[in-house]
Amino acid sequence: MSARRPDVSPVESRPGAEPPVVIANISRVGISRRRFLQGAGALGGLVLAAGFPSASHAADPPKYGADGMPNGWVDDPLVFVAIGEDGIVTIVCHRSEMGQGVRTGMPMIVADELEADWKRVRVKQATGDEKRFGNQDTDGSRSTRHFFHPMRRCGAAARTMLEGAAAAKWGVPVSEVAAKNHEVVHAKSGRRASYGSLAKAAAAQPVPARDTVRLKDPAQFRYIGKGQLKLVDGRDIVTGKAQYGIDTRLPGMLYAVVARPPVYGGKMASYDAGETLKVAGVVKVVEIDQSPAPAQFNPLGGVAVVATNTWAAIQGRNALKVVWNDGPNGSYDSAEFKASMEESARKPGKVVRNDGNLDTDMAAAARRVEAEYYIPHLAHASMEPPAATVRIVNGKAEVWACVQSPQATRDLVAKRLGLSAADVTVNVTLLGGGFGRKSKPDFAVEAAVVSKAMGGKPVKVTWTRDDDLTHDYFHTVSVEYLEGGLDAQGKPIAWLHRSVAPTLFSTFVDGAKNEHALELGMGVINVPFDIRSVRIENPDAIAHTRIGWFRSVSNIPHAFAVQSFVAELAAAAGRDPKDYLLEVIGPARRVSPGTLGDTWNHGESPERYPVDTGRLRRVVETAAREAGWGRSMPKGRGLGIAAHYSFVSYVAAVVEAAVDEQGVVTIPRIDIAVDCGATVNPDRVRAQMQGAAVMGVGIATLSQVSFKSGRAEQENFDTYEVTRMAGAPREIHVHIIPGDYGQPMGGVGEPGVPPVPPPLCNAIFAATGKRIRTLPIRDQLKA
Amino acid sequence: MTSVTVNGRRHNVNLPDDTPLLWALRDELGLTGTKFGCGMALCGACTVHVDGQPVRACMTPISAVAGSKVVTIEAIGGDAVGRAVQAAWVDMGVPQCGYCQAGQVMAATALLKRNRKPTDAEIDEAMSGNICRCGTYVRIREAIKQAGAAQPGAAR
């Protein structure tokens, strides 16, 4: 409970979200906050929220989970909860909402422990301030698994304070009172007091020490795990009231779009704005300096066209004449690069895992199978393109932006403007999709530069769709080479996987050419198969564009290759793909990630989060059973299966594919089984799996970004195709494995995507006998 | 100066005739519920109703709607079918990020106003111009069916 209103975004327009908060003069006693101010080690202060165990202080024990994130976690009720005399409970959500449902889920956890009546709960979005709120980097499928316990403690501490206030008021032992549904009850006397009536006195109660806070028995949860609550923002969304980054409007605001170098690393040689300045509504053009490579989260540079409305700015940019120097990436060509990656994949590379004796077992194998898989660059293509507004008044900057990383936004805007972070306020709007793109606040820095050039006037920078698709932080491009050796019974005894892909670290560290531990730990080295000889190699690959993390990141190409290849081995062995997959996974056991060479483990403790092959088996068995695996299929139809472990969750999918005589693929049904541990909002888990299935289908069938002369060739949704209604799976059945609240939770936002493209291609193989190894499928099946 | 009637109110918009309705709505009239997604009528995020027909506002110059009645997401709840669609969307938890949903609601409302019981093929045809990157299609389909079955006016 807070002495003042929590730091919140003023642009929000939640009905009734301005409670009169009366609590005053609370000293923050009792809770010593744990914060782990930790840079990202090798990246020199860059806030790449990868959750690395601390490398810089070798003497310190490694920190995992939320402890290992920059600025850790906060569970202080004074920070997150405010109660008004009217009984309205305001709960702060410090993570960014981008469709995963965090503005519903996170407050739900607090409200449950608080025994608050959800109808009287309002949600306020935190500004970017990690020292106050704990880590806010909303990526890595981390929000729930990192903040479930802090938010529970937060709600329980606030409940304890209300109970203490009521007990004091009635002069009864606190053990005799209990909070229940927005009031505190003294059962012996039948007295009751509403939360509103207790708010003031509760605020004078000491914040209980963390280890004394009594958490609910999960059997008593009223919201957590139930999936009954509607989305906090649902009504606003369907009535047009929801506020996204692109929707910010301020008095006297100007609108800008930016012409950026079309080639990564290119520079502006000269420009002529003569025609631009003649466009009605155009006010000015502003140069944006280019930062030295690598790009990190800095703007790409170029020229901003500032106008009195967005359309005038776009027209002005169309009239702009710019001469670019493309630089060394001006020859980047996707077809050529694919060929060079294939060449690398066919030769030995840097060994990143080596178990058993691969060469001996491969030589001794009764049968050898090899295959090569390709996945192109992908663009995030969030429906809301990047957009940010900045205003600078009296040396203080205010930002409104759809960012997954509000603290990084704050720090970078401050740095660019020469201000201290304390003088920068980042208001986090709703995000119209994020998928990792909006972790990178380059667009907010652009708005800051332009606002400064306009004397601090509010300026909104909007990215058009072609900006978004041609200047993305692209998903990497990859060639995966696999070779398997089978014994006489068809069981694999040797497994060689060479993964070739430019690393996303190339965007942060000049010249990085190998996959980072973070990427290797996404389903290439940490594959827990029961195969005695395994060698994983990572040949070099140089990036020629700006690479970034895209929902599920390297798990997408790795899972596509691994899970397609297991099906290929099954076919070579003449076995049922599901039975074979289970055999390759082997018996149920808990494998320490370190024994697989995985030092990253999604930033989680290897003891708390081993790779549990029993859980992996169970999702395979569940998806297969629910999908009716083995049922007879009409001609042209097939079932495919795959499973993948990522973001410390286990997901398997069975896809039913139908291929018609023209080679057109439709997907009547997907069954997807997920074990992410216990759930807070199962309806959103289901929604994330449904959405992941659709995105996975789009990746498999349609989407690609290709480069020619250093330029991305796809500029809009006519050429960068994504799944639409007619091409979406007709039915998506999600099967959630029940979890235990005493056990560690897994991620949800990302793990659903990787296991979808491979079973689709496996299903196509079952239907047609054709094996797809290059994505997207597009017209590869056309007759 | 173009005179446009939006959500029952007449506005004189002082922008060049070729300005897309989308930007007039968003930047001049402050109706930001209608979204920018592609600028080329490829994604449907900007769908509004012009004289009852679903139209992509990003490719519709304001000169083309002079004298027409424009209805946006902010006012579609004034229509019984629109209200039923909104209620079904909330009830079924359709939105994820929600950004495309204004356009989806407008397209679905237009569909249901001419066809209360669309088949799956008719839903595919009417809705395939509206992209949802979060992938809410299965719920959109179900919500359209639920809204079509609901009595307009009886919905929340």
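Q: What radius of gyration would a compact globule with 783 residues have, and what does chain A have?

A: The idea is to set the chain's own value beside the one for a compact globule. For 783 residues, such a globule would have a radius of gyration near 28 Å, and chain A has 27 Å, so the two agree. Keep in mind that this is a predicted model. If you'd rather picture a box, the C-alpha atoms of chain A fill one of roughly 80 × 75 × 55 Å along the principal axes.

Q: And which value goes with chain B?

A: Run the check again. With 156 residues, a compact globule would come out near 15 Å, and chain B has 15 Å, which agrees. Its C-alpha box is roughly 45 × 30 × 25 Å along the principal axes.

Q: What share of the residues in chain A is buried?

A: To judge burial, you count the C-beta atoms around a residue: 20 or more within 10 Å makes it buried. In chain A, 63% of the 783 residues are buried. In chain B, 63% of the 156 residues count as buried.

Q: Which residues touch the most other members of the largest nonpolar core?

A: That core has 301 residues, and the ones touching the most other members are A:Ala256, A:Val305, A:Val306, A:Ala444, A:Ala623 and A:Ile672. Take A:Ala623 as a case: once you set aside neighbours within four places in sequence, its contacts include A:Ile641, A:Val654, A:Ile672 and A:His735.

Q: What do contacts say about how far apart in sequence the partners are in chain A?

A: Look at contacts between residues at least 6 apart in sequence, then ask how many span a longer stretch. In chain A, 80% of them join residues at least 24 apart. In chain B, residues 24 or more positions apart account for 64% of such contacts.

Q: How do strands S2 and S3 of chain A run, parallel or antiparallel?

A: Follow the bridges between the two strands. S2 (residues 89-93) and S3 of chain A are joined by five bridges and run parallel. One pair to find is A:Thr90 opposite A:Arg122 in S3 of chain A.

Q: Where do the side chains of a strand point?

A: In a regular strand, they alternate between the two faces of the sheet.

Q: Which strands pair with S15 of chain A?

A: Check each side of the pairing in turn. S14 (residues 387-393) of chain A is joined to S15 by six bridges, and these two run antiparallel. Here A:Thr389 has A:Trp400 as its bridge partner. The two strands form a hairpin with two residues between them, and A:Asn394 in the turn has a positive phi of about 50°. S15 is also joined to S16 (residues 424-428) of chain A, this time by five bridges and running parallel. A:Val399 stands opposite A:Val426 in S16. From S15 the chain crosses through helix H10 (residues 406-417) of chain A to S16, in a right-handed β-α-β crossover. S15 (residues 396-401) is mostly covered, with five of its six residues buried.

Q: How many residues are in contact between chains A and B?

A: For an interface, count both sides: 45 residues of chain B are in contact with 50 residues of chain A. Among the elements giving two or more residues to chain B's side are helix H2 (80-91) and helix H3 (101-114) of chain B. That side has 24 nonpolar, 16 polar and five charged residues.

Q: Is B:Gln86 buried or exposed?

A: It has 28 C-beta neighbours inside 10 Å, so B:Gln86 counts as buried. You'll find B:Gln86 in helix H2 of chain B. Leaving out neighbours within four places in sequence, B:Gln86 is in contact with A:Val238, A:Thr239, B:Gly77 and B:Val105.

Definitions and conventions. Residues numbered from 1 in each chain as written. Chains lettered and ligands numbered in written order. Predicted model: local features only at pLDDT ≥ 70, side-chain atom pairs only at ≥ 80, totals over all residues. Core = buried A, V, L, I, M, F, W, Y, C linked by C-beta atoms within 7 Å. Buried ≥ 20, exposed ≤ 12 C-beta atoms within 10 Å, placed from the backbone. Contact = placed C-beta atoms within 7 Å. Pairing = 2+ DSSP bridges. Helix = DSSP H or I, 4+ residues; strand = E, 2+ residues; numbered from the N terminus. Rg over C-alpha atoms; globule rule 2.2 N^0.38 Å. Nonpolar A, V, L, I, M, F, W, Y, C, P; charged D, E, K, R; others polar. Right-handed = clockwise from strand over helix to strand, strands pointing away.
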